[in-house]
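Please prepare a briefing on the structure shown below.

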Amino acid sequence: ESAEKFESASAKVSTIADTSKKSMGTLNKEMLDLSTKTGTAVTDIAESTYQAISASVDTSKAVETVGEATKLAKGGFTDSTTAIDGLTTVLNSYGNKVKDASEVSDVFLTVQNLGKTSVNELASSIGKVATNAANYGVSLQDLGTAYIQLTKRGIETSESTTYIKSLMKELSKQGSKTAATLQTETGKSFTELMAEGKSLGDVIQILSDSVGGDATAFSNLFSRQEAATAATVLLKTGTEDYNNTLKKVTNSTGAANDAYKKMTDTSETAKQKMLNGIENLKIAIGTQLNESLDGMYQHGQKAISWAMEFIKKNPDVVKAVVSLTASLGALTTAF
């Protein structure tokens, strides 16, 4: 039965997997290996693999991405579905501008640790701003730093998303005061400044310097209140503090893995891995047995059909058997 459940889960994956990139045999082995390593049910691993491929993750990297999502979920106190959704959203938005899923996981965990947000909240909100950020040349680390600065000052994650998105639109919109000011002060557009390595904190400082540090004049550069709020918070943070935080996010390699190790270094996890390992052993044995049992099942169906037909044609015989069985039962009880 365990093998049959995994077979069904694997079959679902096969409906969308590109087996020219990786065979189902290899994918099944990878899913079982990841399940045994993490203590996560292989049927859950298979479902996450399906979600990953469905979200445009290359089949050859699907199980690897699920592995990162599993670490992120554990270290970020969320579920695998939310983690895989957040990872694939960012991967699809940034494309080759991020190395792989592990880089995204490390940024998520660091933003959770340094800001007043969670992986769950971030994964649920970042999709509304990630594509724009990537198009404007704002790195994932820079975007993460903006989330840290806004959320740790009491702005909820969903609101921070709206504010950051509004800010970037104003900075990049042709004809806006901020875009014109950047062009006047630097001779470059917002996107060009991002491309040469400036941070959002640097850009905000350029705008503040352009009005001599006057808070009212600075706020008046923005046509939208959301953008002005985000800019004001980042200005109060200070360029030095902003860029120091950005360095921490940029140098966060291994953050997700470290959090995962701490969260799984428990007796509960050890027990779960043992029980899950036994389940996977059952799957391995059952997969071999089911090949032999298929023939028996087919013969069993024929036997059932014959019995049903016999009952219809011989009701008196059936009644006699039932009566005899009842008598024997009563006799056994008496003794």
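Helix H9 (residues 140–151) has twelve residues, which at 1.5 Å a residue should span 16 Å, and its end C-alpha atoms agree with this at 16 Å apart. The expected span is 1.5 Å times one less than the number of residues in the helix. Helices (H or I, at least four residues) are DSSP runs, numbered from the N terminus. The model is predicted, so local features need pLDDT of at least 70 and side-chain atom pairs count only at pLDDT 80 or more, while totals for chains, interfaces and linings use all residues. Residues are numbered from 1 along each chain as its sequence is written, and side-chain values use heavy atoms, with hydrogens and water left out.

**Burial of H9**
- Twelve of the twelve residues of H9 are buried, so the helix is largely enclosed by the rest of the structure.
- Buried denotes under 20% relative accessible area, exposed over 50%, and partly exposed in between (1.4 Å probe, protein chains only).
- Among the buried residues of H9 are Asp142, Gly144, Tyr147 and Gln149.

**Packing of H6 and H17**
- The axes of helix H6 (residues 101–114) and helix H17 (residues 255–264) come within 7 Å and cross at roughly 70°.
- H6 is therefore roughly perpendicular to H17, a term for angles of 65 to 115 degrees.
- Axes are lines fitted to C-alpha atoms, for helices over the stretch in contact, and angles run from 0 to 180 degrees between N-to-C directions.
- On the H6 side, Ser105, Asp106, Leu109 and Thr110 meet Ala255, Ala256, Asn257 and Ala259 of H17, where contact means heavy atoms within 4.5 Å.
- The residues of this contact comprise four nonpolar, three polar and one charged.
- In that division, Ala, Val, Leu, Ile, Met, Phe, Trp, Tyr, Cys and Pro count as nonpolar, Asp, Glu, Lys and Arg as charged, and the others, Gly among them, as polar.

**Positive phi in loops**
- Most residues other than glycine have a negative phi.
- Ser56, in the loop between helix H3 (42–54) and helix H4 (62–75), has a positive phi near 80°.
- Ser56 counts as exposed, at 60% relative accessibility.
- Phe77 is exposed, with a relative accessible area of 57%.

**Aromatic pairs**
- The whole structure contains two aromatic pairs, defined by ring centres within 6.5 Å for Phe, Tyr and Trp (its six-membered ring).
- One of them joins Phe218 and Phe222, 5.5 Å centre to centre with 70° between the planes.
- This pair is edge-to-face, the term for planes over 60 degrees apart.
- Phe218 and Phe222 are both buried.

Definitions and conventions: Helices (H or I, at least four residues) and strands (E, at least two) are DSSP runs, numbered from the N terminus. Angles under 35 degrees count as roughly parallel, over 145 as roughly antiparallel, 65 to 115 as roughly perpendicular and the rest as oblique. Rings of Phe, Tyr and Trp (its six-membered ring) pair if their centres lie within 6.5 Å; planes under 30 degrees apart count as stacked, over 60 as edge-to-face and the rest as tilted.
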